[in-house]
Amino acid sequence: MTSPVYYVDGRFVPADQATLPLGDLAIMRGYGIFDFLRTYRRVPFKLREHVLRLYSSAEQIGLAMPWSVGEVEAIVHETNDRNGYDDAAIRIVVTGGPSPDLMMPGQQPRLAVMAEPISTPPERQYAQGVGVTTTRMARILPTVKSLNYLGAILAVVEARKIGAVEAIYRTPDDHVTEGTRSNLFIFRGGKLLTPESGILPGITRQVVLEVAAREYPVVLTDLTYADLLGADEVFITSTTKEIVPVVKVDGQVVGGGRPGECTQDLMERFKAYVDRCLTGPSHRPHSL
Ligand code: PMP
């Protein structure tokens, strides 16, 4: 297979020739942000929302964004078009750029856009559900999609050792907030509950809330570890996962040990939503 084409700092290059200077603050200090979206049948899903979240991340860490929203979107489209994958995973990365003392951010951030064929979870995860663990790690600035996934990597390495696919952040006062790369939902007594704060505002989460609001009472609220263990149904959401049912938490069975009915209903509704976006009339022909 041919190498993907990436956009890096003003140029389109084969992925294996895409480089950044070592002195970039992203490499030296982890100072940078990104966003991650996917395409369905070549059409970027929720591109505007992802780009706006990128800007929000940048603003929260004081990172200059010398490009307009339209420019970033155009680069995403061009990267996507040049690669031509049916279902692509697209990463938009903004690095801190050069810094005279390798500490203070300058005004020359670097922009990169990467595209690869998307790799989605195996079908059995949707059919049978997955296990997750909880971790005492915490994200600093949880509303920022920063390049620093140090705690996430450590937590997921531990999770994999017991066959779990994701780790859920657990606070000192025993709240569960979100996964390392996903948002967390539970069903309890026919209501859908998900945390409102201390999380990355997931784009998939937003779609799920929209789709669910027509069918279920939705409550945005803090969730405790006990809420999670006692839930009728649990699921996680993300761009690559969409909706994945959770049947085990820290090795304990939750939600009867199989994907719940309401979760399965939402999985159907999510797919229908995507299909509607792909086939429905759109004022922006390129994006959903
Ligand atoms: N929380 C965190 C910490 C994440 O990294 C992600 C993945 N971007 C999510 C939630 C889910 O967000 P989205 O639905 O936009 O992929």
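Helix α6 is mostly covered, since eight of its 11 residues are buried, where buried means a relative accessible area under 20%, exposed over 50% and partly exposed in between, computed with a 1.4 Å probe and the protein chains only. The structure is a predicted model, in which local features need a pLDDT of at least 70 and side-chain atom pairs count only at pLDDT 80 or more, whereas totals for chains, interfaces and linings use all residues. Residues are numbered from 1 along each chain as its sequence is written, and side-chain values use heavy atoms, with hydrogens and water left out. The buried residues of α6 are I203, T204, R205, V207, V208, L209, V211 and A212; helices (H or I, at least four residues) and strands (E, at least two) are DSSP runs numbered from the N terminus.

The ligand is surrounded by 17 residues, of which K145, Y149, E178, T204 and T239 are the closest, a residue being near a molecule if one of its heavy atoms lies within 4 Å of it. By class, this shell contains three nonpolar, nine polar and five charged residues; here Ala, Val, Leu, Ile, Met, Phe, Trp, Tyr, Cys and Pro count as nonpolar, Asp, Glu, Lys and Arg as charged, and the others, Gly among them, as polar.

The space taken by the ligand is the largest pocket. On a 1 Å grid over the protein atoms alone, a pocket is an open set of points with protein on both sides within 12 Å along at least five of seven lines, and a molecule sits in a pocket if more than half of its atoms lie within 2 Å of its grid points.

A polar side-chain atom of T239 lies 2.6 Å from a ligand oxygen, a backbone N or O atom of I203 lies 2.8 Å from an oxygen of the ligand, and a polar backbone atom of T180 is 3.5 Å from a ligand oxygen. Taken alone, the ligand exposes 390 Å², and the protein buries 97% of that area, with accessible areas from the Shrake-Rupley method and a 1.4 Å probe.

V144, in the loop between β7 (130–135) and α5 (150–161), counts as buried because its relative accessibility is 2%, and its C-alpha atom is separated by 8.9 Å from that of P201, 57 residues apart along the chain. F34 lies in strand β3 and is buried, with a relative accessible area of 7%.

For R42, in the loop between β3 (32–40) and β4 (43–44), phi is about 75°, and with 46% relative accessibility R42 counts as partly exposed. For L102, in the loop between β5 (88–95) and β6 (110–117), phi is about 55°.

How values were computed
Polar contact = N/O pair within 3.5 Å; in protein donor to acceptor, adjacent residues only side chain to side chain. 1 Å grid on protein atoms, 1.4 Å probe; cavity = no way out; pocket = protein on both sides within 12 Å on 5 of 7 lines; lining within 4 Å.
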